[in-house]
Amino acid sequence: QVQLVESGGGLVQTGGSLRLSCAASGRSFGGYTMGWFRQAPGKARECVATVRWSGGITSYADSVKGRFTISRDNAKNTVYLQMNSLKSEDTAVYYCNARTSSSDNTVMDYWGKGTLVTVSS
């Protein structure tokens with residue numbers, strides 16, 4: 001069973017930095033796309049950044065481009081989200097996601113429990 005455990009959230013001032021970690025376990029993630037999503041109070045969950053485990057191709061939401069960097073460490077089975085120049089609107093619960101497709105193209109999503117990031121002005 002896939003397990004995703006996030007860490008690294010906390011309180012930071014506007015303009016500061018945080019690095020989130022997602023420890024992944026339970027299987028080989030070679031065919032997975034790993035992602036960071038976030039959900040602010042009263043808002044829908046949105047995708048912040050993704051990285052393909054094999055090949056390392058990344059994508060970012062426009063709102064975080066140039067400020068956030070997603071990466072993975074194959075040896076540690078860990079995905080990171082480096083967040084710089086944080087803004088108050090980045091305040092949210094951040095969730096780690098692992099996505100793959102089965103042989104019949106059914107999409108399978110796995111989620112961590114989330115870590116809270118609060119950016120204060």
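Which residues of strand β11 (residues 115–120) make up its covered face, and which its uncovered one?

A: First, the ground rules. This is a predicted model, with local features requiring pLDDT of at least 70 and side-chain atom pairs pLDDT 80 or more, while totals for chains, interfaces and linings use all residues. Numbering starts from 1 along each chain as its sequence is written, and side-chain values use heavy atoms, leaving out hydrogens and water.

Now β11. Thr 115, Val 117 and Val 119 form the covered face. Leu 116, Thr 118 and Ser 120 form the uncovered one. Strands here are DSSP runs (E, at least two residues), numbered from the N terminus.

Pairing requires at least two DSSP bridges between two strands. Strand β2 (residues 10–13) runs parallel to β11, over four bridges. There, Gln 13 stands opposite Ser 120, a residue of the uncovered face. β9 pairs with β11 in the antiparallel sense, over three bridges. Ala 92 has Val 117 as its bridge partner in β11, and Val 117 belongs to the covered face.

A disulfide is counted when two cysteine sulfur atoms lie within 2.5 Å. The whole structure holds one. Cys 22 is joined to Cys 96, S to S 2.0 Å. The link spans distant parts of the chain: Cys 22 sits in strand β3 and Cys 96 in strand β9 (residues 92–101), 74 residues apart. The S-S torsion is about -80°, so this disulfide is left-handed.

Exposure comes next. Buried means under 20% relative accessible area, exposed over 50%, and partly exposed in between, with a 1.4 Å probe and protein chains only. Cys 22 is buried, at 0%. Cys 96 is buried, also at 0%. Cys 47 is partly exposed, at 32%. Its sulfur is 11 Å from the closest cysteine sulfur, in Cys 96, which is too far for a bond.

β1 and β3 (residues 18–25) pair over five antiparallel bridges. Ser 7 stands opposite Ser 21 in β3.
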